[in-house]
Each structure stands twice: as C-alpha cells, then as structure tokens.
Amino acid sequence: MPEQRNIVVLGASYAGLGTAHSILKHILPRLPSDGSASYKVILVNSSSKWFVRHASPRAAASEQLIPYDKIFLDIEPGFKQYGLNFEFIEGKASAWDPTERNVSIVTAGGERVEVRYHALVLATGSKTYSPLFSASSDGHEQTRAELDAIHAKLASANNIVIVGGGPTAVETAGELGEYLNGAAGWFASRPSSPKASITVITNASKLLPQLRTSIGQQAERFLNRVGVDVRYETKVSESRSESNGKTVVVLHDGEEIETDIYIPAMGIQPLSSYVPAELKNEAGYIKQNTETLRVDAAGARVYAIGDVGEASHNSIMDIIDQTPVLTTNIRRDLLAAHKDIRANADSKDRVFKVNKTETQLVPVGRNKGVGAILGYRVPSFFVWLIKGRDFMLSGAADMIDGKKWAKEAAWKGQ
Ligand SMILES: Cc1cc2nc3c(=O)[nH]c(=O)nc-3n(C[C@H](O)[C@H](O)[C@H](O)COP(=O)(O)OP(=O)(O)OC[C@H]3O[C@@H](n4cnc5c(N)ncnc54)[C@H](O)[C@@H]3O)c2cc1C
C-alpha cells in the first residue's frame with residue numbers, strides 16, 4: 001500500500017486558492033510515481049463559499065451594485081477537475097500540533113476531525129474590525145446577514161461615521177456617498193441635495209498613507225464630490241451601541257458623536273488563534289522565513305502565505321508574487337522528501353521580495369478613483385477602467401477555478 005501523504009492548505013481565499021490550484025496543477029502530476037506514496041491536497045475553509053473581499057466596499061452599499069452571487073463564490077466546483085487528488089473540508093482549524101504534524105478541524109456540522117499532514121500551508125488570512133470586509137468564521141451566511149443589516153440601515157440613515165484613512169475607509173465612504181447622495185454636477189464640488197452626512201475620521205494627517213500626499217488630497221476632493229467630509233488627526237477612543245440602534249463614537253478629546261451607522265474601517269488582525277504562541281510574533285502574525293515563506297520553527301514542509309504570515313504587507317499583490325515562490329519551494333521539499341535528489345539538483349529555492357513601489361488603486365465612488373502603479377501616478381479614468389468599473393470581479397472567477405495559475409512558466413525552472 002502506498003503511504004498516504006496529505007498536503008493540507010488551511011484557508012481558501014486569494015492565498016489558499018492559488019496555492020491549492022498551483023500544487024494540484026504543477027506539482028502533483030510531476031511527483032515520482034514509484035508506488036511508495038500517494039499525494040492528496042486537502043483544502044480547509046470555514047465556509048463553502050469564498051467571500052471576494054476586495055469588492056466588499058461596494059457590496060456594503062447595495063446588493064443591486066454587487067449581487068451576492070458575484071461576491072460569494074462556491075469553492076468546490078473549481079476543484080472538480082482534479083478528481084480524487086483533492087478533498088475539501090468546510091470547517092475551522094481550531095488547533096495545530098507541529099510535533100505530531102496534525103491539525104484539528106471543527107467541521108461545519110460541528111464534528112471534530114484530526115488531519116495528519118505531510119506538508120502544511122497556513123493561509124487563514126486576517127479579519128477586519130467591521131464584519132463587512134472579511135469572511136466570517138461562522139460561514140458566509142453570517143457575512144451575508146451583516147451586509148443585509150447595513151443595507152436595511154442605509155435606507156433611513158441620516159449620518160454615517162467611517163473610521164480609518166486607508167483604502168478600505170476611502171472606498172467605502174466613496175461607495176456609500178455616491179449611493180446615498182449622488183455626485184456633484186459639472187462645476188460643482190458637492191452634491192446638490194445630499195441625503196446623509198458622511199464623515200471619515202482618521203488619526204493621520206492625510207488619506208491613503210501608502211500614496212503621496214497629493215493623491216490623498218485628490219481622494220478627499222473626490223469624497224467631497226459624493227458628500228463625504230474628512231476629519232484628520234482625530235483619534236477615536238471608543239464606540240458604544242445605544243438601545244435606539246445608534247452608535248456613540250467617543251473621540252480622544254471627549255467629544256461624542258451619535259451616528260446611525262458606524263463603520264470601523266481601520267487595520268486588520270491576523271487569524272491565527274489555532275497557531276501555537278511560540279510560532280507567532282507579538283502582533284499575532286506567523287513567524288516565517290520572509291524569503292522562502294517556510295515556517296522553519298514548525299518542522300519540515302510547513303509554510304505561511306498571505307495576510308496571516310509576517311512576510312506579507314497584507315495585499316493581494318503580495319500573494320500574487322508569493323504564490324510562485326511557494327510553489328517552487330514546496331515542490332523542492334516534496335521531491336527531497338521523496339528522496340528524489342536528482343530532480344532538485346538543478347534547482348534552488350525561490351525567494352520572495354516585497355514590492356515596495358508606490359502601487360495602489362483606490363476607486364472613490366463609481367466613476368472616479370486615485371492611485372499609482374510602480375511609482376507612477378495614474379489618472380482617475382485608469383483607476384475606473386482597471387478597478388472601479390466592476391471592482392475586478394471578472395478576475396475572481398479565474399482565481400477560484402485556477403485559470404489564474406494555469407501557466408507553469410511563472411515559476412518553472414527556478
Ligand atoms: C475591503 C478590503 C479591500 C481590499 N482590496 C484590495 C485590493 O484592491 N488590492 C489588494 O492588493 N489588496 C486588497 N485588500 C487586501 C486583501 O484583501 C488581503 O491581502 C487578502 O484578502 C489576503 O488574502 P488571504 O488569502 O491571505 O486571506 P483572507 O482573504 O483573509 O482569507 C482567509 C480565508 O481563511 C479562512 N479562515 C480563517 N481562519 C480559518 C480557520 N481557522 N480555519 C479554516 N479557514 C479559516 C477565511 O474564512 C477566509 O476564507 C483589501 C482588503 C480589504 C479588507
């Protein structure tokens with residue numbers, strides 16, 4: 001009987017989907033078939049559907065703008081092509097024992113199962129403070145319920161407070177602004193009859209800190225165009241839900257703002273509660289070799305990719321760069337474990353380097369946007385064309401069915 005070797009991938013979003021497809025397409029078919037071992041990829045995710053998070057700011061405004069079937073995509077059909085080499089488990093990793101090389105999963109049905117691994121990829125990502133922008137650990141129905149709840153509240157909202165000055169806050173403010181207030185006409189800087197007062201509160205002195213100041217200023221003008229105001233250098237110290245459904249936002253100087261809708265859109269937290277403490281840094285990110293992506297302290301053939309690991313700066317762009325690196329290095333490690341030294345002799349580890357150029361595209365409402373690519377500022381029309389038009393949902397289909405990772409050329413021969 002060949003030994004069963006499980007390659008377990010935890011998390012099925014940008015990082016986990018890309019890794020699982022790449023292993024199934026480019027590694028499994030090339031592992032030696034000498035009858036000593038059989039390999040299988042087991043993908044574990046807390047929901048049966050992938051929440052396409054980068055489109056969530058527009059989805060927060062209305063289901064008419066982004067229908068739910070475009071933002072919650074079934075995971076399993078895209079993997080049918082691999083037959084018995086693939087298994088999907090809808091469940092949550094609740095514990096991991098690196099010594100026994102075992103992960104505990106609580107399935108969607110509430111059953112606890114233990115899965116032994118030959119190789120393990122940690123891709124459980126991150127969560128936002130607002131439930132609107134990340135997959136709920138209780139499944140996609142919960143995320144959907146959160147979207148339904150804000151849609152219902154928007155119908156009668158007179159005021160909205162959004163905290164944060166990064167792309168999530170700016171995009172969300174732009175979407176809610178245009179949805180509720182419309183946009184300024186020709187030669188006007190604000191909409192003529194806004195329905196709701198919308199305020200973005202940031203503790204920074206500019207919007208979009210990853211981009212140059214003048215781009216942040218342009219973002220503010222585009223926000224004003226849809227009836228959104230920005231308060232800079234203002235810290236929120238707490239928020240309280242009131243019995244009347246409103247929220248009181250308390251600022252650092254004691255000022256209190258009562259608002260119909262409060263959206264904390266600042267920062268993220270890594271989803272790593274199942275990871276032993278000694279394998280995480282102070283902020284909860286998984287400690288890893290930031291070049292090879294291996295989690296060296298966890299034993300052989302363990303890797304982290306995407307938001308949950310400390311190598312990433314929390315962007316899809318990083319994951320797109322990390323996936324071929326990880327694929328190359330996993331392949332080398334699996335071949336080495338198979339004692340196929342010859343196959344590895346002409347290859348070496350591939351390394352990941354964070355792209356530090358000024359690169360970010362931020363739609364502000366449905367027709368405008370700001371940003372830069374590789375250090376070059378791009379016009380609003382370009383941001384609309386690439387991202388704002390459909391929030392890049394057309395590319396999501398290629399990620400979930402694996403077409404995005406069909407070509408081996410990106411990593412072969414490294
Ligand atoms: C609103 C918003 C917009 C963004 N837009 C962009 C953009 O335009 N461009 C860009 O480059 N970046 C963008 N980002 C950043 C980008 O979304 C993240 O970098 C990306 O989601 C990280 O992907 P990931 O696969 O590492 O993890 P995540 O996308 O966080 O997914 C993790 C997956 O793991 C699952 N999971 C979590 N814990 C467990 C567990 N214990 N067991 C099993 N499964 C688990 C989750 O359900 C989820 O499916 C945006 C982020 C936000 C919040």
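**Exercise 1.** Find which charged end sits over the ring of Trp405, and how far from its centre.

*Solution.* Start at the ring of Trp405: the charged end of Lys404 sits over this ring, 5.6 Å from its centre. To count as sitting over a ring, NZ of Lys or CZ of Arg must be within 6 Å of the ring centre and within 35 degrees of the ring normal. Next, turn to Trp384, where the charged end of Arg389 sits over the ring at 5.8 Å from the centre.

The model is predicted, so local features need pLDDT of at least 70 and side-chain atom pairs count only at pLDDT 80 or more, while totals for chains, interfaces and linings use all residues. Residues are numbered from 1 along each chain as its sequence is written, and side-chain values use heavy atoms, with hydrogens and water left out.

**Exercise 2.** Classify the pair formed by the rings of Tyr14 and Trp50.

*Solution.* First, recall the rule: rings of Phe, Tyr and Trp (its six-membered ring) pair if their centres lie within 6.5 Å, and planes under 30 degrees apart count as stacked, over 60 as edge-to-face and the rest as tilted. By this rule there are 6 aromatic pairs. In one of them, the centres of Tyr14 and Trp50 are 5.1 Å apart and the planes stand at 85 degrees, so the pair is edge-to-face.

**Exercise 3.** Decide whether Tyr14 and Trp50 are buried or exposed.

*Solution.* Buried means under 20% relative accessible area, exposed over 50%, and partly exposed in between (1.4 Å probe, protein chains only). Tyr14 has 9% relative accessibility and therefore counts as buried; Trp50, at 1%, also counts as buried.
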